[in-house]
Amino acid sequence: MTEFENIQEIWNSQSDSKLNTTASALIAKANEHMKTLKLNHHWTIGIISVTVLILFFYFFWTNSHQFNSLTIGLSIMIVMLIVRIILEINSAAKLKSIKPDLSLVDYTQKVKKFYEWRKKIHLILTPIIYISYFIGFTMLLPTFKANFSNGYYIYCLVSGYGFFFVFGYFLIKQIKKELKLIEFLNQVK
């Protein structure tokens, strides 16, 4: 009998740290998560769109209508950013179609399908876009060197490549976060 009493004592000594999560609290949390994801998509679309506008402005300001490395580099950068905008708009639309008031299984399956699609984007298209943009920027450098002061050229070189490495770090971090979420969703059945 002492073993039973020991087990009973251990059971009784447990803290009351039970989660008091209701269905409405889970739905509210899902809605909040969806708002955050949608906001992230809108910010990404906005930032990339502003960058495209700046590149277009620079393209026309420099009269880059000739066929040279500046024209090719800027064109590559602009096209890659437009492709990224299209992907983000498509992603935002897919996310918007997921309703958090579905059953847990249906909601989880739709979110999982969304993140599987994002995984394909991150593992296939994002590196292509990132490397192409990098190549486009590199093609601008001879023109920068010829037309800017040495100090400003070095600034463009350091800040441009510095941005690529810092942005690459955060991009990899975000991709890893989404891949972990896919692993978690695969465990929910």
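The legends below describe close-up views of a predicted model.

View 1. Isoleucine 82, which has its place in helix H3, is partly exposed, with a relative accessible area of 33%.

**View 2. The largest nonpolar core has 21 residues.** Those with the most contacts inside this core are Leu55, Leu74, Phe137, Leu140 and Phe144, while the elements that give two or more residues to the core are H2, H3, helix H4 (104-147) and helix H5 (150-187). A second, separate core has ten residues, including Leu95, Ile98, Tyr107 and Phe114.

**View 3. Phenylalanine 137 and its contacts are shown here.** If residues up to four places away in sequence are not counted, phenylalanine 137 touches Met77, Phe144, Cys156, Gly160, Tyr161 and Phe164.

**View 4. Tyrosine 130 and phenylalanine 167 form a stacked pair of rings.** The ring centres lie 6.0 Å apart and the planes meet at 20 degrees, so the pair counts as stacked, given that stacking requires planes under 30 degrees apart. The pair links distant parts of the chain, because tyrosine 130 belongs to helix H4 and phenylalanine 167 to helix H5, 37 residues apart. Tyrosine 130 is partly exposed, with a relative accessible area of 22%, and phenylalanine 167 is also partly exposed, with a value of 37%.

**View 5. Ring pairs link several aromatic residues into a cluster.** The members are Tyr130, Tyr133, Phe134, Phe137, Tyr161, Phe163, Phe164 and Phe167.

Conventions. Residues are numbered from 1 along each chain as its sequence is written. This is a predicted model: local features need pLDDT of at least 70, side-chain atom pairs count only at pLDDT 80 or more; totals for chains, interfaces and linings use all residues. Side-chain values use heavy atoms; hydrogens and water are left out. Helices (H or I, at least four residues) and strands (E, at least two) are DSSP runs, numbered from the N terminus. Buried means under 20% relative accessible area, exposed over 50%, partly exposed in between (1.4 Å probe, protein chains only). A nonpolar core is a set of buried Ala, Val, Leu, Ile, Met, Phe, Trp, Tyr and Cys residues joined through side-chain atoms within 4.5 Å. Contact means heavy atoms within 4.5 Å. Rings of Phe, Tyr and Trp (its six-membered ring) pair if their centres lie within 6.5 Å; planes under 30 degrees apart count as stacked, over 60 as edge-to-face and the rest as tilted.
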